[in-house]
Amino acid sequence: MASVSARWLRGEILDTDRYLGTVAPLAGNPTLQDAVATQVAQAVSKRLSPDAQNDMPGPLADILSGPISAGVEKATYRITLDFVRSDAFSAIWTAANRTAHQQLVAVLRGRPGSVVAVDSHGLLTIELNPVVVALAHQLADLGVAPEQLDSLTVTMPVATVGDIGRARQAARWLTRAAFWLPPLALATITGAVLTAVDRRRMLVIVGLGVAAAMAALGAALAVWLPGTVTDGIGDHRLRKAATAVLDQLTVPLRDEIRTTAVAGLVTAGAGTVLLMAAGRRAPTTLSPAGPP
């Protein structure tokens, strides 16, 4: 299990190019598109509400602030959703993920000043300001002046980093282990088979053991990891989007788990066939004949 996890961590989590290649298809994911549109709409609405109220007399501001805010949010959501459903969003999504991933790698590798890349709640976020910039001319049709968006910061949480120290130690250990664990595991399995008294039976044991280990890792991936990674994300839309990111990111790991499990079952099957063949070839001992 550690060998497979280490290879995935080093190949997908700490390699920016491979990471971007894995998450790029998410630009077309409806769950993620909805979350992005919601975040942008809510941020723009909150930013404009005080300005709109300042332009009205006190009593009128109290009465109309709610409908105005809701109207702006709804209109911004529709505009943003149309944009994120277009091809233009793909480039922005890739660029935003590149920045977020570089920040994550900096945190996990303990680079100076990198802790500020994760907020006070331990959330790793993706910057959505480029989406607002791309929509500036459309938002202007709603009466939103460009200067009103200058100080606007829009982010979307995609993961909970939690204990930075423990995450950094785990990443450091697994990164190093990715080099020596696979050959060590292969050497251990080969040695166990070659030195066994009954090599055929050991093939069965090793094969089933590998398959069982992959089943346990797959269960942990399906049950434990999503809750851990998205635990700090309260909004249900954002949690669904973060889960979609995690599901996409773990596709290579799930593929490797299945491949390794199948290899284990094939090994066990081969050992079983050899055991059965050896049983058929074993000489039959005849009982001595009785007195005539």
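The structure is a predicted model, in which local features need pLDDT of at least 70 and side-chain atom pairs count only at pLDDT 80 or more, while totals for chains, interfaces and linings use all residues. Residues are numbered from 1 along each chain as its sequence is written, and side-chain values use heavy atoms, with hydrogens and water left out.

**Confidence**

- The average pLDDT (the predictor's confidence in each residue, from 0 to 100) is 78 for the protein, and 79% of the residues score at least 70.
- Over residues 52–66 the pLDDT stays under 50, and the model has 6 contacts (heavy atoms within 4.5 Å) for this stretch beyond four places in sequence.
- Where pLDDT is low, the predicted coordinates should not be read in detail.

**Overall make-up**

- The protein has 11 helices and 2 strands, and from the N terminus on its elements run α-α-α-α-α-β-α-α-β-α-α-α-α.
- Of the 292 residues in the protein, 39% are buried, where buried means under 20% relative accessible area, exposed means over 50%, and partly exposed lies in between (1.4 Å probe, protein chains only).
- Among the contacts in the protein with a separation of 6 or more, 83% are accounted for by residues 24 or more positions apart.

**Aromatic cluster**

- The whole structure holds 2 aromatic pairs, a pair being rings of Phe, Tyr and Trp (its six-membered ring) whose centres lie within 6.5 Å, with planes under 30 degrees apart counted as stacked, over 60 as edge-to-face and the rest as tilted.
- The ring centres of F83 and F89 are 6.4 Å apart and their planes stand at 75 degrees, so this pair is edge-to-face, and both F83 and F89 are buried.
- The rings of F89 and W93 have centres 6.1 Å apart and planes at 40 degrees, so this pair is tilted.
- Both F89 and W93 lie in helix α5 (residues 88–108), 4 residues apart, which is about one turn of the helix, and W93 is buried, as is F89.
- Together, F83, F89 and W93 form one aromatic cluster.

**The second largest pocket**

- The second largest pocket holds about 480 Å³ of space; on a 1 Å grid over the protein atoms alone, a pocket is an open set of points where a 1.4 Å probe fits, with protein on both sides within 12 Å along at least five of seven lines, and lining residues have an atom within 4 Å of a point.
- Its lining has 21 residues, of which A185, L186, I189, V210 and T260 are the closest to the centre.
- The elements that give two or more residues to this lining are α1 (2–13), α8 (164–194), α9 (199–229) and α11 (251–281).

**Single residues**

- T230 is buried, with a relative accessible area of 5%, and, not counting residues up to four places away in sequence, T230 touches T160, R239, A242 and T243.
- W180 is found in helix α8 and counts as partly exposed at 41% relative accessibility, while W180 and S3 are 177 residues apart in sequence and 8.5 Å apart in space, C-alpha to C-alpha.
- A70 has its place in helix α4 (residues 58–84) and is partly exposed, with a relative accessible area of 45%, while A70 and Q42 are 28 residues apart in sequence and 9.1 Å apart in space, C-alpha to C-alpha.

Methods: Points joined across faces, edges and corners; volume = space filled by probe spheres on them.
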